[in-house]
Structures are given as structure tokens and as C-alpha cells.
Amino acid sequence: MLRLSKIKKTLGDFGDLYYDAVGQWKKTNIKKAVDILEPLSDYISLVRQITTELPDLLGGKGTRRYLFLFMNNMELRPGGGFIGSLGVMEFSHFSLTSLRIYDVYSLDGQLKLHYDPPAAIRTYLDQPHLFVRDAAFSPDFGASVVEIERLIQAEVGWDRFDGVIGVTLSAVQKLIGVFPDFYVSSYDEWLTPDNFFIKAQEYAETGFFPGSHGKRNFLESVVRTAQTKLEEGDYNFISLVMTIGTVFDEKLAAVRFSKESVQSSFDELFWTGRVIKPGCNTGTSCFFDYVQVVDANLGVNKANFFVQRSVRLATSIDRDRHVSNSLTILYQNNSIERVFPGGRYKNYLQVYLPQETLIRKVAIDGEPVLDYVEDTDLGFKRIGFLAEVPIGSSRSVTIQYDFTNTLGKEKEYQLIVQKQIGLLNNDFIYQMHVAPPLGVLTTNFTPVVRKTDFVYNTFLEKDRLLLIKFK
């Protein structure tokens, strides 16, 4: 507790000095120094907010028990990735008192009851039962956690976790980069962000059979090594904080806490992997638009290591203020034939759209898709279908749809683009065409304007809110 109090005081003093220094440098117009230091303000506020919750999170008010989900986003699922291992951590009196890691097959093998899987799991993975390993199948992390906790309780009787933390392989890669000389002595391996995936797969797959412990043992050694480095102070604190912020901001990890006040704090940071509720988000009347593209790799491989994806959304508003959208998703599978760990990208694709839409066409490489599923989930319309990408090939998926409501007297168009948990960052291109006399007045981004059209290119490393005000 004394350490936490000292950290909070140090942060307060550092914050006061920081803002004073930036203010002075701005007066003297030392632009380069200001540009370097200004981003740190986000992390000062971030650490201050987290340290407020740390006494409770670290067992200062009683033992705290957390479930860790190690999700392999190279085998991407809607909620982050295939769950290969789980960890149970307990904290008491600000110390880690217990750490156990389990291979998911050891737990799933104890399930005696039947739970229906999502239709895509049953149909395309040929799996008639739902297990923990496949349960991260909602793009809303909280919804996935409810399913996972229900299954774990049925399998091994565990319940009453104070929090569930989902961590992807990409998150672990980034965090390893914070620590210099990350040497795992029990495996005689020097790990880096560049080799972690290959090493993790090597120890997970060598001699694998359901119930084997290679993957579990390797992960436990990695976690123990990180724990030792944290205790020894063998890292740069600012770098660690910034990396943790990046990991959560880019949705490579997500959390769900049972205590609502703690959950609310992390919700404000957008670290909970939640799907937003439909509707205007700035407190003003608006025309609401939304899109989230969600992949599920059901090919029993790690093809996402080789798959590149880009998304393009084009909006057209005609003279009568009718709104139409065309969504294009481009996939490139750079896997090589018979080279581990890639393969055919057997992707069950889901796209979340506003309810007030009417689908006109779904196509892959121009060929109509007729067997897509259209339903409702999390307050949105959901379109789902299989979109496979062979090794060394590309595919273009197109969804065209109209809004059933028209742009009325609203002066603002709000488009929210949410990134899937665990998805590697990809290009996002937005284009809008507005027919006269309607015209665009301002945006909260910098587009390339071409008369009645504009184009905006960005990188979807986090959720995006695009605001467009009309004349």
C-alpha cells in the first residue's frame, strides 16, 4: 500500500511538473519537444486512473481472483481468438499469491453436459458441442465472458472470479518487447516480439494431443519470467505503461470485472471490448451509421498470421436524402502451400450494421452469395456467411445496402467503425458522395475533398467515430 501511495504522489508531482514544462515550452515555441512530450499526457491521466483502482484489484481489501484467457488471434475468433490456455491468478495484500495455467483441453475434457454451439461452429467446424476453447464467439467481450464462465463452472466448478482478462498472442508479443533480454531459462530461449509466435507454436504443437502440457508449461514459464522482471524492476516504467495502453487501445486485450465501479472505470478507457449501443454518441441529434466486420477462422490453423485485410465503405446521399452504403472487404492470404502454420482461410464472416438497413446484394468476387444469414445481435443487424480465401489468393467481399430511414433535418452524420478484438490493424477507407444542394460543412477528420465527394484513409488500430456536419 505504501508503494501505491508513493506511486500516486510521484505521478501527481510529475504531472504538475510536466504540464508546467509543456506550458513554458509552448511559450518559447520549442515545437519538437512539445510534440514528443504532449502524448505522454494521456498516459499520465491513464496511470492516475488505474492506480486509484489498484489497491482493490491487487487484494488490498481481500483476496482477488482473476481468470486469464490466453487467446490466439492468429486463429481469430469474434471475441479475440481461439482460447488455447487459461490462467487463474490470486492476489492478496498486494502480492501475487497463486498462479496456475491450464491447457484448455484438460478442462473441456471434463464437460459432461451438452451446450449448443453457435450455428457457424456446428456447421463449419463440424462441432456439435460448445466448449470453452470456442466460446469467445461474440464481438462483445462481456457477452463472451458470460458464456465462458458458464462453461467453466460446468466443467470444473470454478466460479466467483473478480475479473476476467482476455490477452491475445499479439498483446504478449508487444509486452515482451518492454523487457530487455527476455530469457526463459527453463527452455533456454531468448524471446523477442519477432520470434514469440513461432516459439509458442513450436512448443504448443510438438507432440500435441488433447491433455498434453507443452503449451501450458511454456506459457507458465513466460509468465514467471515476466513476473521476475517486474519484481526486479528490470524494465522502463514509462515504456511499460505506454505499451499496456497501446495493447488495450488496439483491442489486443480486454477486461471484464465483477465489481461495477471498477468495470465502469475501465469502460471509460474503452478497455472492456464492448460493442457500443446503437444511437448517437455525442448528445446531439444525428443520422446514425455503424459497421463492424468480424472474422472467425474456422480452418483449424493459424492462417491469420498470413492474412491481410482492408475495408472500404462508400456512402451515397441522393437529392431526396436517401442514404445507401457499399461495403467492400479485401482479403489476401499469403500462406504458402504445406508451410506451417498457415493454410486456407476458412472464414465465417459477420458484419454488424444498423437495424434500419435493407440488404440489396452480398457477393464474393462479384458472384452473389445467396445463403447468408440475416438476424439481430447486440442491437444491430448481423449478416453472416462463409468467405474462404485459398492459399496464395485474394478475395473481395461486397455488401450493398440501403437505409430505410432518410436523412431528415439532422445536421450531423455519425459513423462508428468498431474494430474486432484481436484483429491485426488494417486499412480503412471511407468515401462519401453528397448530391446538391446538400453539402458537407465540417468533419472531425481530414479528408481529401473532390467537389461533392471526399475520401478519408486511415488505419483501423482502434474504434473510430467519424462526425460529418452538413450545410
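Visitor: Which helix holds Lys 229?

Guide: Residues are numbered from 1 along each chain as its sequence is written, and side-chain values use heavy atoms, with hydrogens and water left out. Helices are DSSP runs of H or I with at least four residues, strands are runs of E with at least two, and both are numbered from the N terminus. Lys 229 falls in the run of residues 214-232, which is helix H9.

Visitor: Is Lys 229 buried or exposed?

Guide: The cut-offs are under 20% relative accessible area for buried, over 50% for exposed and partly exposed in between, with a 1.4 Å probe and protein chains only. Lys 229 comes out at 9% relative accessibility, so it counts as buried.

Visitor: Which residue's backbone oxygen does the side chain of Lys 229 reach at 3.3 Å?

Guide: Lys 229 touches Phe 179, Pro 180, Asp 181, Phe 182, Asp 234 and Tyr 235, leaving out residues up to four places away in sequence; touching means a contact, with heavy atoms within 4.5 Å. For a polar contact you need a pair of N or O atoms within 3.5 Å; within protein, one must be able to donate a hydrogen and the other to accept it, and residues adjacent in sequence count only if both atoms are side-chain atoms. The backbone oxygen of Pro 180 lies 3.1 Å from a polar atom of the Lys 229 side chain. At 3.3 Å, the side chain reaches the backbone oxygen of Asp 181.

Visitor: What does the side chain of Asn 325 make a polar contact with?

Guide: Asn 325 is found in strand S10, residues 323-333, and counts as buried because its relative accessibility is 1%. Its contacts beyond four places in sequence include Asp 289, Arg 360, Tyr 401 and Tyr 413. The polar contact of its side chain, at 2.8 Å, is with the side chain of Thr 315.

Visitor: How many salt bridges does a search of the whole structure find?

Guide: The rule is a side-chain nitrogen of Lys or Arg within 4 Å of a carboxyl oxygen of Asp or Glu. One example is Asp 56 with Arg 64, at 2.8 Å from N to O. Asp 56 is buried because its relative accessible area is 6%, and Arg 64 is buried too, at 18%. Searching the whole structure gives a count of 21.

Visitor: How many residues apart in sequence are the parts tied together by Asp 463 and Lys 251?

Guide: The side chains of Asp 463 and Lys 251 meet in a salt bridge, 3.1 Å from N to O. Asp 463 sits in the loop between strands S21 and S22 and Lys 251 in the loop between H10 and strand S7, so the tied parts are apart in sequence by 212 residues.

Visitor: What is omega for the cis peptide bond that joins Pro 436 and Pro 437?

Guide: Most residues other than glycine have a negative phi, and most peptide bonds are trans. Pro 437 lies in the loop between strand S18 (426-434) and strand S19 (440-443). The bond joining Pro 436 and Pro 437 is cis, with omega at about 10°.

Visitor: What is phi of Asp 126 near?

Guide: Asp 126 is in the loop between helix H5 (119-124) and helix H6 (141-156). This residue counts as exposed because its relative accessibility is 66%. Its phi is positive even though the residue is not glycine, and lies near 55°.

Visitor: What is the mean pLDDT of the chain?

Guide: In this chain, 87% of the residues reach 70 or more, and the mean is 88. Over residues 24-34 the pLDDT is below 50, and this stretch has seven contacts in the model beyond near neighbours in sequence. Where pLDDT is low, the predicted coordinates should not be read in detail. For the chain as a whole, the mean pLDDT is 88.

Terms used
This is a predicted model: local features need pLDDT of at least 70, side-chain atom pairs count only at pLDDT 80 or more; totals for chains, interfaces and linings use all residues. pLDDT is the predictor's confidence in each residue, from 0 to 100.
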